[in-house]
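The sequence and the coordinates come first.

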Amino acid sequence: MTNILDLQNVATQVRRDIVRMTNAVNSGHPGGSLGCTEFMTALFFDIMEHDPSNFTMDGKNSDMFFMSNGHITPVLYSVMARCGYFPVKELSTFRVFGTRLQGHPSTEHGLPGIRMASGSLGQGLSVAIGAAIAKKMDNESNIVYTLHGDGELEEGQIWEAAMYAGAKKVDNLIATIDCNGQQIDGTTDEVLSLGDLKAKWEAFGWTVVELENGNDMQQMLDAFRLAKSFVGKGKPIVILMKTEMGYGVDFMQGTNKYHGVAPSNDELAKALAQLEETLGDY
Amino acid sequence: MKTYENKKMKDLRSGFGEGLVEAGNQNADVIALSADVTGSVKMDGFAKAFPERFIQCGIAEANMVGIAAGLSLSGKIPFVGGFAEFVTGRVYDQIRQVVAYSNKNVKICGSHAGVTLGEDGATHQTMEDIALMKALPNMTVLVPCDANQTYAATVAAMKHNGPVYLRFGRPKMPTFTDENQEFVIGKAQMLNEGNDVSIIATGHLVWEALEAAKALEAEGISAEVINIHTIKPLDTEAIINSAKKTGAVVTCEEHLFNGGLGDSVAQTLALNCPTPMEYVAVDDKFGESGTPEQMLQNYHLKAVDIVEKVKAVLARKK
């Protein structure tokens with residue numbers, strides 16, 4: 001799907017799913033999910049080579065994606081369902097007892113599309129490196145993608161992985177950092193300033209792609225295509241993607257208030273009024 | 001009683017290293033990962049035989065566990081090697097999330113386990129690792145008793161589909177099990193049948209248990225000796241049968257009281273056939289520097305200590 005309007009329509013519906021899913025169980029993480037909606041939509045509907053109707057755990061001859069910031073399952077599950085990994089109606093079971101749509105991604109419940117549990121932050125980059133090395137060993141040319149929160153970069157394991165991938169030239173790996181500048185206790189500057197991320201990743205041997213507005217679908221696609229052009233060139237690639245937490249719903253935007261807080265019924269009504277039902281609600 | 005000969009003094013880690021090469025020979029999917037302790041953990045043989053399947057991670061155990069989990073997705077069988085403390089305690093959450101909970105076919109191989117690591121001191125002498133690893137759902141926990149059995153356990157771990165923790169030690173210890181033995185995960189090994197007391201041991205202390213049984217025989221006490229090389233899943237049937245026969249149990253391990261083999265056996269007995277029992281284990285304290293032999297003596301893990309506990313449990317037996 002390369003038509004930009006089609007992708008934007010998907011993104012709008014995904015945003016409706018996100019606020020409805022989190023409201024329904026009065027829990028979950030809508031803020032980061034709304035901010036990463038363009039990323040997830042572009043990746044799953046356009047950029048990634050994958051076959052949602054035929055998921056395999058080993059991902060042979062397929063691109064792979066690992067969501068390291070596993071708390072933003074609302075956007076993950078919505079996009080996965082909307083592109084065909086599982087029935088859209090199953091989104092109504094999000095976080096409900098007995099569901100395959102666990103609060104954080106889990107393999108134990110057999111949801112197609114999930115290869116690894118995540119949510120304990122800082123671990124997905126290492127996992128992706130392992131998957132990427134395996135693809136090289138098996139002479140597969142596919143790409144491994146990851147997504148991380150910027151606050152997640154405070155975890156030390158990220159930098160172990162960054163050092164490894166740079167030193168060992170894991171160049172079939174595209175990591176993306178969601179730079180929304182927010183974390184639970186405040187802004188990233190208030191909690192633990194991340195400093196010059198471009199300089200840090202370059203110093204670790206990565207090619208850095210800067211994305212000024214990760215909530216602009218065209219810019220998102222351009223950043224992915226630029227990143228893909230660096231695959232196989234001897235360095236892992238990282239996209240530093242600026243987004244706004246809560247993007248697309250005016251009162252949720254640019255604040256960390258909705259990091260892990262669901263919209264109330266009144267707030268849901270206000271949010272849905274701003275988001276057209278493009279593909280049909282679940 | 002059945003006699004066991006110490007065929008040679010050999011370190012269990014060497015049994016692991018040789019077993020890893022054999023696992024690599026048998027299966028091209030076997031990958032070894034090391035965190036800058038390749039020679040110490042005896043993975044150098046594998047690294048030399050299969051350089052394209054050896055991954056040097058540097059001193060970054062957390063990243064190493066994650067890489068192993070990622071590798072396993074495509075059908076690789078990663079063996080993560082390191083000092084037991086640093087591939088269990090240091091990376092407990094990594095193992096929990098991406099190995100145990102995600103149920104990946106990753107083998108965590110902890111060398112230099114226990115107080116017999118010796119001179120390095122308590123920072124490196126884990127005696128909590130069995131407790132940590134056995135607490136994780138999906139995890140199989142193997143603790144072989146000598147170099148030959150460690151070799152066999154390593155090959156068995158390769159053939160087993162699922163997360164495994166394989167624990168072994170650093171110093172040269174008596175080798176008394178068969179060179180070409182079958183290693184059946186989850187099956188207790190009856191080393192000596194007896195009637196008065198069951199000595200249930202794991203790891204380095206199995207040899208001490210046999211020595212204790214010999215000393216007890218001289219005093220007219222018939223001791224059954226069972227080697228538990230698989231802490232989880234535990235062969236509860238073998239333990240219950242033996243406890244019912246002898247009516248007294250002593251467990252022996254190079255681990256803390258809390259959460260080790262003793263606790264697994266106590267739980268089994270409490271739930272099935274309450275039986276007087278004593279522990280030979282380390283009582284809620286850290287190790288220290290010294291020779292392996294000094295450690296075993298100081299922490300009361302020798303045959304003489306087992307004999308003492310046997311007498312204590314026999315006194316409690318009705």
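This is a predicted model: local features need pLDDT of at least 70, side-chain atom pairs count only at pLDDT 80 or more; totals for chains, interfaces and linings use all residues.

Residues are numbered from 1 along each chain as its sequence is written, chains are lettered from A and ligands numbered from 1 in the order in which they are written, and side-chain values use heavy atoms, with hydrogens and water left out.

**Chain A and chain B**

In chain A, 27 residues are in contact with 26 residues of chain B (contact means heavy atoms within 4.5 Å). The two chains bury about 2,100 Å² between them, and carbon and sulfur atoms give 57% of that area. Buried area is the accessible area (1.4 Å probe) that two parts lose on being put together, summed over both. Between chain A and chain B there are 14 residue pairs in polar contact, both residues at pLDDT 80 or more. A polar contact is a pair of N or O atoms within 3.5 Å; within protein, one must be able to donate a hydrogen and the other to accept it, and residues adjacent in sequence count only if both atoms are side-chain atoms. Helix H5 (124–137) and helix H6 (156–167) of chain A each supply at least two residues of the side that touches chain B. H5(A) gives the most to that side of chain A, with 8 residues. Helices (H or I, at least four residues) and strands (E, at least two) are DSSP runs, numbered from the N terminus.

**The domains of chain B**

Chain B is divided into domain 1 (8–175) and domain 2 (189–316), with bounds from an automatic or database domain assignment. The C-alpha centres of these two domains of chain B lie 25 Å apart. About 2,500 Å² is buried between domain 1 and domain 2 of chain B, 61% of it from carbon and sulfur atoms. On the domain 1 side, B:Val115, B:Met127 and B:Lys134 lose the most area to domain 2 of chain B, together 25% of what that side buries.

**Salt bridges**

Over all chains, the whole structure holds 24 salt bridges. A salt bridge is a side-chain nitrogen of Lys or Arg within 4 Å of a carboxyl oxygen of Asp or Glu. Some of them are listed here.

| Pair | N to O distance |
|---|---|
| A:Asp138 and B:Lys76 | 2.5 Å |
| A:Arg16 and A:Glu277 | 3.8 Å |
| A:Asp17 and A:Arg82 | 2.8 Å |
| B:Glu18 and B:Lys10 | 2.9 Å |

A:Asp17, in helix H1 of chain A, and A:Arg82, in helix H4 (residues 73–83) of chain A, are 65 residues apart. A:Asp17 is buried at 0% relative accessibility, and A:Arg82 is buried at 15%. Buried means under 20% relative accessible area, exposed over 50%, and partly exposed in between (1.4 Å probe, protein chains only).

**A strand in chain A**

Strand S1 (residues 64–67) of chain A is covered on both faces: A:Met64 and A:Phe66 on one side and A:Phe65 and A:Met67 on the other are all buried. S1(A) runs parallel to strand S2 (residues 144–149) of chain A, and 4 bridges join them. Two strands pair if DSSP finds at least two bridges between them. In this pairing, A:Phe65 stands opposite A:Tyr145 of S2(A).
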